[in-house]
Amino acid sequence: ALYAKDGEVQIRITAKTLDEGLADEKMKAIESQIRNILGVNIYGYDEDTLESVIINLLQQNKKTISFAESCTGGLVFSRFTDIPNASVSYINGVVCYSNEAKINILGVKSETLSKYGAVSLETAEEMALGIKKISNTDIGVSITGIAGPSGGSETKPVGLCFIGIAADGIVKTYSYIFNGNRLKIKWQASTKALDILRRTILGIDIK
């Protein structure tokens, strides 16, 4: 059975038979097929959440992290801190909603904001580098976008989000357009940022 959620899908496997051992075999066979099809797109099993899996990965690799959020308003690090012992890896989170905050707190260049705008790959890159620097963490993550329902344009529609990841001496930025109302866009953006983080830690290519 498939359970669609914003930004992810849960898969439940069940089997009905009089023989419990046979039912277990059938479920394992189906699980193996699903693993082969989905591969690295599977982030966890049973009670795992994306946040708990990432925190375990960070702690296994002895990495620290910080977040700089604009349109998601702190949703990413709020989800992160729902997990016990997150403080071992999570150092700092900043909501930089205004351009002035991006400049004064994160060190985003005013020229970058003037030329490319607050919602841009360039601003997301400088936000990720800035939060990583001021927090002295191994990884810096940034999100900037247009959650709507207003504020969009032909070139930058509602739902457009840019996510930046600064780690291991390099910074990469990604752009996505999410659908739905304001809350759904925020949730999808936060989930995508977390999955990009997961893939970055594991060294998985991100499309």
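**Pockets, cysteines and salt bridges in a predicted model**

User: What is the volume of the second largest pocket, and which residues lie nearest its centre?

Analyst: In this predicted model, the second largest pocket has a volume of about 220 Å³. Its lining is made up of 13 residues, and those nearest the centre are I170, K172, Y174, T200 and I206. The largest share of that lining, four residues, is supplied by β7, while β6 (160–167), β7 (170–177) and α7 each give at least two residues.

User: What makes up the lining of the largest pocket, by class and by element?

Analyst: The largest pocket, with a volume of about 890 Å³, is lined by 28 residues, among them V9, Q10, I11, I42 and G44, which lie nearest its centre. Two or more lining residues come from each of β2 (8–11), α1 (20–38) and α7 (182–202), and α7 gives the most, with six residues. By class, the lining has eleven nonpolar, six polar and eleven charged residues.

User: Why are C161 and C96 called buried?

Analyst: The term buried applies under 20% relative accessible area. C161 has 0% relative accessibility and therefore counts as buried, and C96, at 0% relative accessibility, counts as buried too.

User: How do you know that D24 and K28 form a salt bridge, and where do they lie in the helix?

Analyst: The cut-off for a salt bridge is 4 Å between the side-chain nitrogen and the carboxyl oxygen, and the N to O distance for D24 and K28 is 3.3 Å, so the pair qualifies. Because D24 and K28 are four residues apart in helix α1, about one helical turn separates them.

User: What makes R79 and E51 a link between distant parts of the chain?

Analyst: The side chains of R79 and E51 meet in a salt bridge at 2.8 Å, N to O. R79 belongs to helix α3 (residues 75–80) and E51 to helix α2 (residues 50–60), 28 residues apart. Both R79 and E51 are buried.

Key. Residues numbered from 1 in each chain as written. Predicted model: local features only at pLDDT ≥ 70, side-chain atom pairs only at ≥ 80, totals over all residues. Heavy atoms only, no water. 1 Å grid on protein atoms, 1.4 Å probe; cavity = no way out; pocket = protein on both sides within 12 Å on 5 of 7 lines; lining within 4 Å. Points joined across faces, edges and corners; volume = space filled by probe spheres on them. Nonpolar A, V, L, I, M, F, W, Y, C, P; charged D, E, K, R; others polar. Buried < 20%, exposed > 50% of the residue type's maximum accessible area, 1.4 Å probe, protein only.
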